[in-house]
Amino acid sequence: MANIALREMIRALRSDSPGIGLKKLTAQIKAVLPDDLAPEKKTVKEVCQHLDDENQPAAQTKPRDHTFYSRTKAAFEMFRDAERAYLLAFDKAKVRSVTRNPDAPDWFAASQLRHHFEILLTLRGKKPCTLAAMNPGYEMINGMVLQCPAPMMDQYELESYGFTLRYLTHDVLTEQLMHPGFKGGWIFADKHSEKWDKVEDIFLLPHPGRRNREDAVGEALGYPMPGGNGVVRIIDNTETSELERIAGEEVDSVIGMEFFCIRCNGEKLMMLHKYFVECKVAIKDIGIDLDVDTEGL
């Protein structure tokens, strides 16, 4: 079976450019992947043939029972460890390109560029999708997707439970004119989510020239009270401790999730903390020590 991410990248590129030749398609893929992950033309051809096979049986959706619950725990742990290892393997040049700080420590990317907590919330139904895009760059993000969520989805058969991994070949623009948008990024999404239609509309359906409202983007990503200039961070203390153990020194707090929301206090701030508590309840069997940082409000 082809890597799920490679399959979805090829599917999206062919849909974006109907009739594209095998040579050009292979060149496009190689241009945005690390050299060690770039497929040969033979592999691309095999994936295309698989996608063209009209006799494949329709996928059956499995029930989300107790087996699914334990499976998502194992899937998360696999992704978390793989993502940490992937980011820690960055050489000094990659780390410096991420932060533009010549003195950045080797563990910087593994503390600041994580998706593991959002993936967990998506698996547990507290978030409709997880976005991986732009920073630190297409090649690095694509490498992460091919080596971390794609094997996780394959090993734990997550597509059969209604999860999907999608490559964005079209513009997904925001109200911020200076923001380049999310073209070239990836979405890991739960098609059973009540916000699946919003995920589709914002990220997966082309809307040439449309600039999406910040609050609409935030809602599709499942952030509480989206829109505004307030910044909230959820800190993963457990992963911070593990990173310190590996690095053998003190590290910056690992950011599990960072999002914009409306600036608030009083009752609305209580709503934000309620969301935080709900997240902790949804993942209580995982054993993660979390803090919420609302100083950006």
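**Figure 1. Contacts and overall dimensions of the protein chain.** Residues 24 or more positions apart account for 70% of the contacts with a separation of 6 or more in the protein chain, a contact being heavy atoms within 4.5 Å. This is a predicted model, in which local features need pLDDT of at least 70 and side-chain atom pairs count only at pLDDT 80 or more, while totals for chains, interfaces and linings use all residues. Residues are numbered from 1 along each chain as its sequence is written, and side-chain values use heavy atoms, with hydrogens and water left out. The secondary structure comprises 13 helices and eight strands; helices (H or I, at least four residues) and strands (E, at least two) are DSSP runs, numbered from the N terminus. The radius of gyration of the protein chain is 19 Å, close to the 19 Å from the globule rule for 297 residues, so the chain is as compact as a globular protein of that length. That radius is taken over C-alpha atoms, and the rule is 2.2 Å times the number of residues to the power 0.38. The C-alpha trace spans about 55 × 45 × 45 Å along its principal axes.

**Figure 2. The largest nonpolar core and Phe188.** Of the 297 residues of the protein chain, 47% count as buried. Buried means under 20% relative accessible area, exposed over 50%, and partly exposed in between (1.4 Å probe, protein chains only). The largest nonpolar core has 89 residues; such a core is a set of buried Ala, Val, Leu, Ile, Met, Phe, Trp, Tyr and Cys residues joined through side-chain atoms within 4.5 Å. Helix H1 (residues 4-16) supplies the largest share of this core, seven residues. Those with the most contacts inside the core are Ile29, Leu158, Leu165, Phe188, Phe203 and Ile283. Beyond residues up to four places away in sequence, Phe188 touches residues including Ile119, Leu123, Met152, Leu158, Phe163 and Leu165.

**Figure 3. Helix H7 and Glu118.** H7 (residues 116-123) holds Glu118, and eight of the eight residues of H7 are buried. Among them are His116, Phe117 and Thr122. Glu118 has a relative accessible area of 8% and is buried. With neighbours within four places in sequence left aside, the contacts of Glu118 are Lys127, Thr130, Tyr223, Gly256 and Met257. Gly125, with a positive phi near 80°, follows H7.

**Figure 4. Two non-glycine residues with positive phi.** Glu157, in the loop between helix H9 (149-155) and strand E2 (163-167), has a positive phi of about 50°. Glu157 is partly exposed, at 37% relative accessible area. Met225 has a positive phi of about 45° and sits in the loop between helix H11 (214-220) and strand E6 (230-236). Met225 counts as buried, with 16% relative accessibility.

**Figure 5. The loop that contains Thr169.** Thr169 is located between E2 and strand E3 (173-174) and counts as buried at 12% relative accessibility. Its C-alpha atom is separated by 5.7 Å from that of Gly184, 15 residues apart along the chain. Not counting residues up to four places away in sequence, Thr169 touches Ala12, Leu13, Asp16 and Lys183.
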